[in-house]
Amino acid sequence: MNVPTMAEMLAQGKKPEILFWVGAAGSYDDRAKKITRAFVKILHEAKVDFAVLGVEESSTGDVAKRAGNEMLFQMQALMNIEVLNGYEVKTIVTADPHSYNTFKNEYPELGGKYTVFHHTQYLKKLIDENRLTINNSKLKDKLVTYHDPCYLGRANGEYESPRTLIKKLGVKYAEMKRHKASALCCGAGGAQMFKDAEKGNKEINILRTEDALETKPEIIATGCPYCNTMLTDGIKAKEKEGQIKVLDIAELIANANGLV
Amino acid sequence: MQYIPNIIFAILLLFGVGFFVKNIRKIIRNIKLGKDIDRTDNKSERWKNMANIALGQSKMVKRPVSGLLHIIVYLGFIIINIEVLEIIIDGLFGTHRVFAPLGSLYNFLIGSFEILAFLVLISVTIFWIRRMIIKIPRFWNKEMKGFPKNDALYILYFEMVLMSLFLFMNAADINLQNLDAAHYTKAGAFPISQFIAPLLSGLSEASLILLERSAWWIHITGIFIFLNYLYYSKHLHILLAFPNTFYANLEAKGKFKNNKTVTKEVKLMLDPDADPYAIPEEDPDAVVEKFGASDVTDLSWVQLMNAYTCTECGRCTSVCPANLTGKELSPRNIMMKTRDRLEEVGKNIDKNKEFKDDNKQLLNDYITPEELWACTTCNACVEECPINIDPLSIIMDLRQFLVMEQSAAPQELNMMMTNIENNGAPWQYNQMDRLNWKDEE
């Protein structure tokens, strides 16, 4: 797969239109890597001039900040900003709402000022600019519901881009009872992804999976690699992995357009 | 002799308002124990938020039943206060229905007050039924025992009694007006109390006057008592909701504040020109900055005002993913404990003139690490609060103290952070493998 890095671009004297920020999950987690590749295939199809940082990319520090380690967060942030500003990056696109949030809201004060897009926002922009079309026949009439990632939805008020994209797939869409501003967290945020839950009577991802199952979906769509993990685990716990798939919106589009 | 009631009333008014002002000043002093934070930007949006959210109750109606009932009680409270103005003037000058010369407008006003009083009575009764008969879960979480539970009920009983007295007073007045009793001006429309009036119709003029005067005095005394009860109660929201929505955070909910002291230190660390062995310049006035918060005085004044404003409705807790899955965390309880500790610090200052160390803190003595670590930072509580209280910011400040001052993160999180330091990812992978995904299909 052709994925140019910023270093290669610079060596050729080129500056890409966007930097695709892959994020730690998108780089290392086997499930999330599929989302990364699906998104890159769409970028290729839309002929987007992009690059990644590759080995120069490092944790945004978001999860360290949420875990209370402000020092580590700012170390990561200032180092990343040095790299990004060094390459004169103007526009960042990422498939991780947590990276999206911290770039958009927390980096500017530290000297990192970029135009930041969540990948669903960027894909919608590509469609609006007629650079990408979504095939609405392949997934026609599939029953789909969508889980709002907290750091895209409540944290940044982006509820419509993901839904617009899903509806363009020609699917039958059903909203969960708790959605948009009142959506329930998948349980991964605030560094919970990396620790066991505190003592309780249920796992949060199971509760959220039950919300999704109420809509009787064939596909649960989401826009966050961590939500994806939590809901995939939830579906396994409910022994529904045969009937129901948890997919990122980028995967749905790549799938509909015959890219995977 | 004839001026005795006026004098008694004036004293009552003076004490009622005086104590209230004294207590409000105490609250302001306690709120000012918080750290400075600048919330003076973007005034037009702040006024708009206050108008929509506090005055217009826009977030209350997201839950339509309680929202609608609340609006009735709220409108009743505000509008019936016009009547309190008349009561105060009558009390001070010995007049009766001093606004009566307003004529048909007066009749309209009194008629509206009666209808509102009746609606408030019904709404408050439904509130009581929701709490005590239907037992809506958010009113029965474990923090809602003892005073918090009774506080809510006292407020409902207060309102029931005050509204009933108002209607009862008017019912006696109708009879007195019909008897052409001296002093009882023929004025007012009584759409509700006309139905109570027949019950009193056989009574003598003297008994009716006794009833009317008793209802009048108990009503106004009750209002003064209620006014002063506010300070001890969750009911403070009727005042603080306004500044609270005005000074609330306007930024994206996902934006957590960056600690400026840390920025300075990190910049120094990353500066290739900095001399690592340099002795830092001594500033004799410098106070060692504490990272995060362990007590109420480490929080900002807005966070402390949040604590006084919270009316313990529990909407936050009812949407908290941690609480919904049986964890110890309840965002409402974070606010209640913050207020309890702030009150304790305030009393300490009252007693000792300045704060005397009591070997207690908000962290551990009130809020436990178990609660803090259960939070997913999902912002559901912040979104849900009808008056823009932010429990999450307190949770994050306390977490920051735990991690940065006490290195007391859960072990798994320490491993995650070590990985970030070593290889730039929360998992232990080689940094050089970061792009491997592109060739793995």
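This is a predicted model: local features need pLDDT of at least 70, side-chain atom pairs count only at pLDDT 80 or more; totals for chains, interfaces and linings use all residues.
Residues are numbered from 1 along each chain as its sequence is written, and chains are lettered from A and ligands numbered from 1 in the order in which they are written.

User: What makes domain 1 and domain 2 of chain B separate domains?

Analyst: Chain B is divided into domain 1 (4-31 + 63-246) and domain 2 (260-278 + 287-429). These bounds come from an automatic or database domain assignment. Taken over C-alpha atoms, the centres of the two domains are 40 Å apart.

User: How do you know which residues of domain 1 of chain B are in contact with domain 2 of chain B?

Analyst: Two residues are in contact if their C-beta atoms, placed from the backbone, lie within 7 Å. By that criterion, 18 residues of domain 1 of chain B contact 22 residues of domain 2 of chain B. On the domain 1 side, H7(B) gives the largest share, six residues.

User: Why is H7 of chain B called a helix?

Analyst: Helices are DSSP runs (H or I, at least four residues), numbered from the N terminus. Helix H7 of chain B spans 237-246, and is therefore named under that rule.

User: How many residues of chain B are in contact with chain A?

Analyst: 58 residues of chain B are in contact with 58 residues of chain A. On the chain B side, H16(B) supplies the largest share, six residues.

Notes: Helices (H or I, at least four residues) and strands (E, at least two) are DSSP runs, numbered from the N terminus.
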